[in-house]
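Reader: Let's go through this model together. Start with the sheet, please.

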Amino acid sequence: MTTATTPETTAKGAGLNSLKPRISHVAYHVQDIDRSLAFYVGVLGMQEQMRVDISKTLHEVALQFPDSKGGGLILMWDTSREKPLALGDGYSRVILMVSDLDASMKHLRENDTRVVTQPTEAG
């Protein structure tokens, strides 16, 4: 059986591909930043790119492989958290880079995607 494609179905099925998306970083909440860094830096060989204090108790560190031109990893931790992370607590966000932000946001709106945090320029 052959399915006919129209410009509308082709564009919708293409997603953001025409806008050259690539994953910038994936972020995870961790309980023990020293233990996590020992693994990602010490074992895997990633390098720390920057640290950001989100609030007085919430912090993040961006990691990337030395020769990587692609994505990296953000580790987030909360120094005020008293209980261990539970299954489902550790995932935070996926960060995408695209060639046309306005077109990408339009595509997401047209596909009923809820944007939790509006895009920002990260440099």
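Author: Val52 stands opposite Glu60 in S3. Strands here are DSSP runs (E, at least two residues), as are helices (H or I, at least four), all numbered from the N terminus. Before we go on: this is a predicted model, in which local features need pLDDT of at least 70 and side-chain atom pairs count only at pLDDT 80 or more, while totals for chains, interfaces and linings use all residues. Residues are numbered from 1 along each chain as its sequence is written, and side-chain values use heavy atoms, with hydrogens and water left out.

Reader: Okay. How many bridges join S2 to S3?

Author: Six, and the two strands run antiparallel. Strands pair if DSSP finds at least two bridges between them. S2 and S3 also form a hairpin, with four residues between them.

Reader: And what about S3 and S4, which way do they run?

Author: Antiparallel, with six bridges joining S3 to strand S4 (residues 72-78). Leu63 stands opposite Leu73 in S4, and His59 has Trp77 in S4 as its bridge partner.

Reader: How do S1 and S4 run, parallel or antiparallel?

Author: Parallel: five bridges join S1 (residues 22-29) to S4. In that pairing, Tyr28 stands opposite Leu75.

Reader: Why is S3 described as largely enclosed?

Author: Because six of the seven residues of S3 (residues 58-64) are buried, the rest of the structure largely encloses the strand. Buried means under 20% relative accessible area, exposed means over 50%, and partly exposed is in between (1.4 Å probe, protein chains only). S4 is mostly covered too, with six of its seven residues buried.

Reader: Zooming out, what's the order of elements from the N terminus on?

Author: The elements run α-β-α-β-β-β-β-α. That makes three helices and five strands. Of the 123 residues, 22% count as buried.

Reader: How much of the contact list is between residues 24 or more positions apart?

Author: They account for 55% of the contacts with a separation of 6 or more. A contact here means heavy atoms within 4.5 Å.

Reader: Switching to H3. Which residues are buried there?

Author: Ser104, Met105 and His107 are buried in H3. Seen down the helix axis, the buried residues fall within an arc of 160°, so they line one face of H3. The arc is taken from the directions from the helix axis to the C-beta atoms. On the other side, Asp102, Arg109 and Glu110 are exposed.

Reader: What does Ser104 touch, leaving aside its neighbours within four places in sequence?

Author: Ser104 is in contact with Leu16, Leu19 and Val98. Ser104 sits in H3 (residues 101-110), and its relative accessibility is 4%, so it counts as buried.

Reader: How many salt bridges do you get?

Author: Two, taking a salt bridge as a side-chain nitrogen of Lys or Arg within 4 Å of a carboxyl oxygen of Asp or Glu. One joins Glu110 to Lys106, with the closest N and O atoms 3.2 Å apart. The other joins Arg51 to Glu48, at 2.7 Å between the closest N and O atoms.

Reader: How far apart along H3 are Glu110 and Lys106?

Author: They are four residues apart, so about one helical turn separates them. An α-helix has 3.6 residues a turn, so residues three or four places apart point the same way. Glu110 counts as exposed at 53% relative accessibility, and Lys106 as partly exposed at 47%.

Reader: And Arg51, how accessible is that one?

Author: Arg51 is partly exposed, with a relative accessible area of 45%.

Reader: Which residues make the nonpolar surface patch?

Author: Phe39, Val43, Leu44 and Phe65, with about 370 Å². Patches are built from residues with over 30% relative accessible area and no salt bridge; nonpolar side chains (Val, Leu, Ile, Met, Phe, Trp, Tyr) are joined within 5 Å, like charges within 9 Å. Areas come from the Shrake-Rupley method with a 1.4 Å probe, and for residues only the protein chains shown count as cover. Leu44 is in the loop between helix H2 (33-43) and strand S2 (47-53), and is partly exposed at 39%.

Reader: Last one: what's up with the phi of Asp112?

Author: It's positive, about 55°, although Asp112 is not a glycine. Most residues other than glycine have a negative phi. Asp112 lies in the segment after H3 and is exposed, with a relative accessible area of 73%.
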